[in-house]
Amino acid sequence: MSVPQMASEQERLGTSTGKDLHVLCYQHHTEMLLRLLREPAEGPLYACREPGCLVRYNSSHGYFIDTEDAKTIEEEKPPRVNCPNDGQLMYLVEVMPQRRSFRLWKCPECNESRTNGETSGELEKNVGA
């Protein structure tokens, strides 16, 4: 398996180390904010900080749209990238503005990472951002 060339610190928009997750919104590529939940059993919930953005992430559901509007849910198909090691839903950790198609995904459990070139063709069709 070849390792992709990594971006310099100035080129990166998002990083992650250990259990300190830095989840990026797949639409805005900004770091999502950790939200406290009344039901901690589902794990930490991350929400996009952009006004009006409904994108959320948690490790049990992956990315999802936080709305009860059926039309919005039907129109928006969040990316679903599964970890090849444990099947967990991965999160977007890095993008590079100078390489618009580059995406680095990371597993919240085992820290396995992969690029969009290593994921299924299905993902590349669903994620235009």
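**Entry 1: cysteines**

How many disulfides does the count come to? I found zero disulfides, where a disulfide is a pair of cysteine sulfur atoms within 2.5 Å. For Cys48 the closest cysteine sulfur is that of Cys53, 3.6 Å away, which is too far for a bond. I noted Cys48 as buried at 5% relative accessibility; buried means under 20% relative accessible area, exposed over 50%, and partly exposed in between, with a 1.4 Å probe and protein chains only. Cys110 is likewise in no disulfide, and the nearest cysteine sulfur to that of Cys110 belongs to Cys83, at 3.6 Å. Cys110 is partly exposed, with a relative accessible area of 34%.

**Entry 2: basis of the values**

I am working with a predicted model, in which local features need pLDDT of at least 70, side-chain atom pairs count only at pLDDT 80 or more, and totals for chains, interfaces and linings use all residues. Residues are numbered from 1 along each chain as its sequence is written, and side-chain values use heavy atoms, with hydrogens and water left out.

**Entry 3: aromatic rings**

I looked up aromatic pairs and recorded five. One of them is Tyr63 with Trp105, an edge-to-face pair at 6.4 Å centre to centre and 80° between the planes. The criterion is that rings of Phe, Tyr and Trp (its six-membered ring) pair if their centres lie within 6.5 Å; planes under 30 degrees apart are stacked, over 60 edge-to-face, and the rest tilted. This pair links distant parts of the chain, 42 residues apart: Tyr63 is in strand E4 (residues 62–65) and Trp105 in strand E6 (residues 99–106). Strands here (E, at least two residues) and helices (H or I, at least four) are DSSP runs, numbered from the N terminus.

**Entry 4: nonpolar core**

Which residues touch the most other members of the largest nonpolar core? Among its 25 residues, they are Val23, Met32, Val55, Tyr57, Tyr63, Tyr91 and Leu92. Such a core is a set of buried Ala, Val, Leu, Ile, Met, Phe, Trp, Tyr and Cys residues joined through side-chain atoms within 4.5 Å. Strand E3 (55–58), E4, strand E5 (91–96) and E6 each supply at least two residues of this core, and E5 gives the largest share, five residues. I listed the contacts of Val55 (heavy atoms within 4.5 Å), not counting residues up to four places away in sequence; they include Met32, Tyr46, Cys48, Tyr63 and Phe64.

**Entry 5: the E5-E6-E7 sheet**

I found an open sheet of three strands in the order E5-E6-E7, with antiparallel pairing. Two strands pair if DSSP finds at least two bridges between them. E5 and E7 are the edge strands, each pairing on one side only. E6 and E7 are joined over three bridges, and Leu104 has Thr115 in E7 as its bridge partner.

**Entry 6: backbone and sequence separation**

Most residues other than glycine have a negative phi. Asn111 is partly exposed at 31%. Finally, Leu24 is in the segment before E1 and is buried at 1%. Leu24 and Val95 are 71 residues apart in sequence, yet 8.8 Å apart in space, C-alpha to C-alpha.
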